[in-house]
Amino acid sequence: MAIGKRRWILVAPLLLVMAALWHGWESSAWNLPRRPSTSGASRVEPPDDDFTWRRAKPHYPVTSSLRPLPTAGVDALPGVQGQVHFAAESPERKQLRLQRRDAIKDAFTKSWTAYKEHAWLRDEVTPVTGGQKDTFGGWGATLIDSLDTLWIMDMKADFESAVDAAHRDISFATTQAPTINVFETTIRFLGGLLSAYDLSGDARLLSKARDVGDLLYAAFDTPNHLPVARWNLHAAARGEPQAAQSDTLLAEVGSLGLEFTRLSLVTGDARYHDAVQRIGELLADAQATTKVPGLWPILVNAADEDFDAGDDYALGGMADSAYEYLPKMAALLGQQEGIYADMYARSMEASWEHLFFRPMTPTDEDILFPGVLHASVSGDGVSTSLETSAGHLICFTGGMLALGGRLLANATHLDWADKLTRGCLWAYESLSTGVMPETFHLTACPDPSSSCAWDESRWHAAVRNKQPLNDAQATIKEQRLPPGFTHITDARYILRPEAIESVFLMYRTTGDPRWQDRAWALWTAIDALTSTPLANSAVWDVNPPAGEAPGKADSMESFWLGETLKYFYLIFSEPGLVSLDEWVFNTEAHPFKRLREGR
Ligand SMILES: *[C@@H]1O[C@H](CO)[C@@H](O)[C@H](O)[C@H]1NC(C)=O
């Protein structure tokens, strides 16, 4: 266990590589398009027994009894948005909101059309050159990720043709890719299909979801039944035995719960839930005894079931959705008590103690960011140091605490949610383009609980500390560092959703229309920076020298249509459209129906 700094040096390059590969969720639904009334669509299709992954014989059959299918908790959870007062809108305000909503739908239509015309059935369209590429197994990632957005935006004809194509032309039997990422395949493909099924009731989608589920379930065919995170399915198809990997990222093993559990609930087959519930139980067992009790490190050892392998603890990339799924599992299952609500509360307590920091800003903003804690064991003790870094992937934390705060009726969490969300918006607004970089470092306040007056020399000292060989003032000028920033380590913006995700959750959990105005400011900055004649593109530099262009990276990941534009659309829609009292979003913004009494 006493690994210390040296191991970190060995692991650091691996983490960098992994980081580079990282991508890093009736009555009140009055606006939801109605389910198709054709009886054919709601017919249950029997599973195709010829599907190769359904026939595969396991090397390591699960012999102990399966965890039972969950049923709704008896104690109803508090409403997430049911108890929120959404003030009546003036006619002017409503008109403005609908204009904004339509602008988002136009942007979606533009990018979707580019995908249809240039990259149909491929994973991604290239938004500058109009080419196509396969990045996630070649199973039409953008098509599958967009299905539920098409439904929510009431683009019925496009939804129908996309479902047809998914059903007829996409096969999850195999792929050209040498390996697949089990986590990404779960959140994008399984999540996208399940959500589109939950919304539309179209049985073809359930049939495809079951195919992906059975493909992925084969990755759990290991001696300890933990999944192979980076999975060579070709070797598995040849019948070679396999084992879970010793270097596994926390998020890759810890955020499969919503999708596999929802698949069990809609199919009645408990195996999928059983597979992820075992992981939940292992996390719960390990939580109090890690080097930083309450948190698990970014790097875990799935082969040995060691959930305290690494020395770095964070809520950002590579760990993120493992934490996000704790309150979301409680929401999905309707459980106010149980391992998920419990793990969530403990992990947030520990995050407050160890990770959250207040940055020093010229206007003394009362905001928070979660940093990265490096822990090392020496003798009997553990010493820690907090790196006051941030990145776009931490921006989901505000939304997580808003949801969790409502579910657990904890006002402290709602307060942290507000500060974390406004932290990300402050970072966006600090850049001349109005868009936040992918990763950067900040100057921490000396004492977060008292006020934190701006101190230019303290900022300069922090810059020198971060970039030791350079003169602070020259560095700030040359790198165009906004006040408080000490280093921009990755200046890209890759169309990520986490900031608008949290702003959306703040709106739905508070009813405060000012969040809609902040969302609009976010949108205008993002669209101005990323728009291309065809679609929207990732950019290389959100902080270019005056007069220079940000540089388009010719990339549009599927989450742009699956997540970013969906959250923008929903914040400008009536709050009952995909109500958080009935739905819970997976980490790719795919809403699943929550389990509730009597359903
Ligand atoms: C709310 O959360 C805070 C921080 O984790 C915790 O200290 C407090 O006990 C919680 N309050 C309730 C009523 O559970």
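Reader: What surrounds the ligand?

Author: Glu349, Asn410, His413 and Trp416 surround the ligand (a residue is near if one of its heavy atoms lies within 4 Å). This is a predicted model: local features need pLDDT of at least 70, side-chain atom pairs count only at pLDDT 80 or more, and totals for chains, interfaces and linings use all residues. Residues are numbered from 1 along each chain as its sequence is written, and side-chain values use heavy atoms, with hydrogens and water left out.

Reader: How far is the polar side-chain atom of Asn410 from the ligand oxygen?

Author: 2.4 Å. For Glu349, a side-chain N or O atom is 2.8 Å from a ligand oxygen. For His413, the distance from a polar side-chain atom to a ligand oxygen is 3.4 Å. A polar contact here is a pair of N or O atoms within 3.5 Å.

Reader: New topic. At what angle do helix 5 and helix 21 cross?

Author: Roughly 20°, with the axes coming within 7 Å. Axes are lines fitted to C-alpha atoms over the stretch in contact, and angles run from 0 to 180 degrees between N-to-C directions. Helices are DSSP runs (H or I, at least four residues), numbered from the N terminus. Helix 21 covers residues 559-571.

Reader: Parallel or antiparallel?

Author: Helix 5 and helix 21 are roughly parallel (angles under 35 degrees).

Reader: Which residues of helix 5 and helix 21 make the contact?

Author: Thr142, Asp145, Ser146, Asp148, Thr149 and Ile152 of helix 5 meet Phe559, Leu561, Gly562, Lys566, Tyr569 and Leu570 of helix 21. Contact means heavy atoms within 4.5 Å.

How values were computed
Polar contact = N/O pair within 3.5 Å; in protein donor to acceptor, adjacent residues only side chain to side chain. Helix = DSSP H or I, 4+ residues; strand = E, 2+ residues; numbered from the N terminus. Parallel < 35°, antiparallel > 145°, perpendicular 65-115°, else oblique.
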